[in-house]
Amino acid sequence: MNPAERMNPADLGIGPVPAKARLRNRLLVSTVGIAGLILCGLLLWNYLSFREHLTEEAQVRARFLADGAADRIDATLSGLQSLVDGMALSLSATSLDLTLEQMRTLQREALHQQPGLYGTTFAWLPERKPPDWGALAPFSYRDGDRLAYHDLAHDGLDYLDEDWFALPRFLGRAVWTEPYIHYTGKRMVTYSVPVWLASPDGPLLAGVVTSDIELDWLDRLLADLPLGEQGYALLISRNGVYISHPTDTIAMRESVFSLAEARGDPGLRQVGQSMLSGDPGMRPWIGWATGEKSWLAWGRLSTTGWTSAVVISQTQLDREIARLTQLQALAGGGGLILLFLAVGWIARSITRPITALSEAAPGIAAGNLDAPLPAPKGQDEIARLTTIFHAMRDRLKQYIADLEETTAARERINGELRIASDIQMDLVPKTFPAFPERNDMDLCAIIQPAREVGGDFYDFMLLDEEHVFLAIADVSGKGVPAALFMAVARSLLRAEAKIDRNPGRMLERLNDTLAEHNDACMFVTLFCAVVCLSDGTVTYANAGHNPPLWLRTTGSIEWIDSPTGIAAGPMAGLQYDTGHIQLAAGDGLLLYTDGVNEATDPDNQLFGNERLLERLHASQSLSCRETLDALLADILAHTGEAEQFDDITMMMFRRLS
Amino acid sequence: MDIFCEKQSDALIFVVRGRLDGSTAPALQEQLISQLDTASTIIIDCSALDYMASAGLRVLLLATKQCKKAGRPFGICSLKDEVLEVFKLSGFIAIIETFNSREQALAKLASPA
Amino acid sequence: MFHANPAHGFWVRALVLLAGMAVFQPCLGETLQPQDHAAPPAQVRIALQWIPQSQFAGFYLAQQQGFYAAAGAEVTFVHANARRSSLEHLQDGEAELATVFLTDAMVAAAGAHDSPNAAHPVLIGQLVQRSNLMLLAWKDQGIEHLQDLSGHRISLWTGPFSAAIRTLLAERQIEYEPIPQNATVNLFLHGGVAACAAMEYNEYHRIWQAGVDEDRLTGFLLRDLGFDFPEDGLYARSDWLQHNHALAQRLWQATLAGWEYARAHPEQAVDLVLAEAERARVLTNRPHERWMLEHLLASIFPETAGESPTAGRLSPAAYTATAQALIASGLISEALPLTRFCPDCCAEDGPDEPC
């Protein structure tokens, strides 16, 4: 293929690959896209399950911390409680048979033992006081580092109206008072236990033992609870009053209910009632200070009946989860970028040879077999494809080279055949008028060879002054073998015609000679005649050839179709009869091969005998040459563009006077 | 041109369809010559043969000669008029046995009369 | 907007009051002492019945807003407590003026019935016109009606404070076990008593603020049961009053002006009360003080005021009714005539029967 035949790849309709369709981009988009989707799904799932889990945990923690706080406060208070219970019991057991001094010693001992104790009292119901006691309500307490003493009844009997005395007195049981603010400014609570004396009428109240306990340590204890940034703890009394609260102005002044009232929030009041009900509980909550979604959990102190509660921020938890999720998303995003790069790199390494191949292939498709192809790398499918592509290109090159060679060879053969054809044409006499010196006959012949060398020939010669020899033949097959066979047949025929003027015997001898060494079974149809010019006698013989036409001056045209024999060549020993006719002056003979009547038009319609006869009828006054020219023109008009596979060979003879 | 081979009671029947000319004759020749020895009787069914050129005649002639040499019956049958005309014209109708129908050919050739 | 609303037209009201003082003083038979800038202001101590709370909002405001100063006095407050009542402060000369429950004052004054020269509390002006006293009882202890209280423990303040309740229970012939009630309601909250005495403006709300809903309680308002005795009034000792009648009247008008101010500016009043409470280490909260103020104002300025302004005036009929209840409960044998208990009550309106 020469370079001029190469095409521009664009002319093949092969454009560059659009960015969207490029393998690498598709690989990138699909891989990273799917990974991104999975990542998003994972993050969402993670976030949701995390939130659920943490929320659950926050609730558990809130409950745990509320109970824990209650337990820790109880642990401290119950120590003091049992001390006072013990004092009351022992006082009761000894029927209060002790002096004021002994009582004060006992109180000092208690204060020594219990650092958490601020003070302790034994207050008589006035009418039970033994006369030898110099005080109604001896009170020992701490004054800084030292212990102090005071008779609470020093200024009168007002203590009888205090809750710490009145409550156990009228309730008949030990009581934790509502917390109060001591004159020292400290929050305190008093635990009071009635002391009973046996009497015939049943136990009689003798007085009350109390212990005063500072509460400021509660704040520290609650502050130490691990509640998170926005979490806080609180403690409320039996009456709902805040004992400890992160907001100073609330503690000891406000109760859950006063706040509910101030806020006009009946829901809060209900919460307060639940918290004071004695049962531990939990509920969603909006933090007051922060306005954040939280969890409120509470538990009850078994000693004082107070309620400890913790608030744990759900919003903060959510923020932490969101932060965590953000971190994960960030890490995921980083991973995604890494994946993007990695996939990009892998895709590039995969598609680079493909891209190179796809860029090189159009050149090959366009005919540029020398266009560089990428070298195969590695052992993967693409390397294999590239190798195959290489092989294909090489094979294509080889094939084209072979094709060129074959074509050259064929051209050569064709050239040689043309030469053979030329030689063949040279064999037949082509100079007309053939016998210009003679006016007793008109003779003309035409051979129109087909593209492929055929085996038609005609021949004529003057045997002597009076006899002319005419022959037309058609050798079976085409090409060089036919041409050779034709040459042989013609030479033999000429030779035979000179030896014996009887056409039948001529053909018998010709046949015998041809049949020798004719394994290929080639044959020739042949008509030959010897015309006596002086009297018009024609002797002839036919070896399987088309019967010639006898064009009589009367206007009739007859087929000379008998006798006829078998085509010459296939087997020896055939008989050929010789026929006779008498030509009048002006009568003519038309000898032709089947290339004439079997000439086909593009629709495969034969030229046929009808048309042949019609033309001949119309051309009676014309010379042989004019007749053949007209006939040939008719035939060519009939065939048109259709290629003819047979030679068109015609010879016309007319006897003139 | 298409060639089909059929076996029918010891006879190998070649059904030739289309045009038998210089370009297609070699194919028929190759098939015929290579399979001549595979059957006792060879028949060529020309019922679908539209055209026969001299090259085709030559192949049939060749086959006839070979079969004759091997003493194997050979014939052609069901020729269309145009093809039969070629046979008559070339005179080969005297050399190659022709039959009007396949049945006739089988009856004459396959049964050892 | 501010001036358009007469309810908030404090200054208008204050000016009218001051003008009224100027107009009325001569009629009271005393020489008007115009603000004598040379004379030092009189030192006056006012004993208030209880620890700082909204019950005294008008007093604090009168002082804060300078009404007392305008009246020519430098006032200091003495807060009573459970140990020492305002009446005791007054009687012992520890205060020139005191706020006292009508019943308390009547019981104290009754002692002077037979000795015309004995010093006794004299009513200068009646602040709280109606009774806020009530009995609160636990429904879950089976108390739905007064009769259900039979056989139960009831905590009551000692002294004349609870006189109306005692009278009521005696009238209904309800046998009960009285328990002395202290300053708290904790014994009631602990369930130690079936019922307790309560002021509607104070204890009732304290109990509610301890989380106890109304539907758990049965409340008996004394004023609905025929014992609508007036409560807080401003008193002086008769001997002091003889020489300071004009000053007392001025201070009373200033006190009323303070209450008018509280009525017009309730939040400011509560702010001031909370500040006073904080200073006295009294633990309270705003909603409670607001509740108390609302009820006090409703008691001082009754809605039924109508044509004859009753604010500041003790109705002779109420006095008579209270006296009868006190006699019936055995707290007094005879009440001091109103002319002695409250000479000014008769001076203005005159024709009422007890005068």
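Okay, let's start at one residue: B:Asp10 touches B:Ala39, B:Ser40, B:Thr41 and B:Ala110, leaving out residues up to four places away in sequence. Contact here is a C-beta criterion: two residues are in contact if their C-beta atoms, placed from the backbone, lie within 7 Å. Before I go on, this is a predicted model, where local features need pLDDT of at least 70, side-chain atom pairs count only at pLDDT 80 or more, and totals for chains, interfaces and linings use all residues. Residues are numbered from 1 along each chain as its sequence is written, with chains lettered from A and ligands numbered from 1 in the order in which they are written.

Back to B:Asp10. It lies in the loop between β1 (2-8) and β2 (11-20) of chain B. For the elements, helices (H or I, at least four residues) and strands (E, at least two) are DSSP runs, numbered from the N terminus. Is B:Asp10 buried, exposed or partly exposed? It counts as partly exposed, because it has 13 C-beta neighbours inside 10 Å. The cut-offs there: buried takes 20 or more other C-beta atoms within 10 Å of the residue's own, exposed takes 12 or fewer, and partly exposed is in between, again with C-beta atoms placed from the backbone.

Now the rest of chain B. There are four helices and five strands, and along the sequence they follow the pattern β-β-α-β-α-β-α-β-α. Of its 113 residues, 42% count as buried. Among contacts in chain B between residues at least 6 apart in sequence, 72% join residues at least 24 apart.

The strands of chain B make an open sheet of five, in the order β1-β2-β3-β4-β5, with mixed pairing. Pairing means that DSSP finds at least two bridges between two strands. Why do β1 and β5 (98-99) of chain B each have one side without a neighbour in the sheet? Because they stand at the edges, each with a single partner strand. Strand β4 (residues 74-77) of chain B runs parallel to β5(B), joined by two bridges, and B:Ile76 stands opposite B:Thr98 in β5(B).

Helices pack on that sheet too. Helix α1 (residues 25-35) of chain B touches β1 and β2 of chain B, and its direction makes about 175° with that of β2(B). Then α3(B) touches β3 (41-52) and β5 of chain B, at about 110° to the direction of β3(B). Those angles run from 0 to 180 degrees between N-to-C directions, and axes are lines fitted to C-alpha atoms, for helices over the stretch in contact.

Moving to how chain B meets chain A: the contact takes 15 residues from chain B and 17 residues from chain A. On the chain B side, α2 (54-70) and α3 (81-90) each supply at least two residues, and α2(B) gives the most, with seven. By class that side has eight nonpolar, four polar and three charged residues. The classes go like this: Ala, Val, Leu, Ile, Met, Phe, Trp, Tyr, Cys and Pro are nonpolar, Asp, Glu, Lys and Arg are charged, and the others, Gly among them, are polar.

Chain C also touches chain A, with 21 residues from chain C and 24 residues from chain A. The elements of chain C giving two or more residues there are β7 (177-180), α7 (186-189) and α11 (286-300).

On to chain A itself. It has 13 helices and 22 strands, and buried residues make up 36% of its 657 residues. Strand β13 (residues 441-448) of chain A is largely enclosed by the rest of the structure, because six of its eight residues are buried. β13(A) pairs with strand β22 (residues 648-655) of chain A in the antiparallel sense over eight bridges, and A:Gln448 stands opposite A:Ile648 in β22(A).

Last topic, the cores. A nonpolar core is a set of buried Ala, Val, Leu, Ile, Met, Phe, Trp, Tyr and Cys residues joined through C-beta atoms within 7 Å. The largest one has 183 residues, and those with the most contacts inside it are A:Val310 and C:Tyr235. Helix α1 (residues 23-93) of chain A gives the most to this core, with 13 residues. Apart from it lies another core, of 100 residues, including A:Leu443 and B:Leu106.
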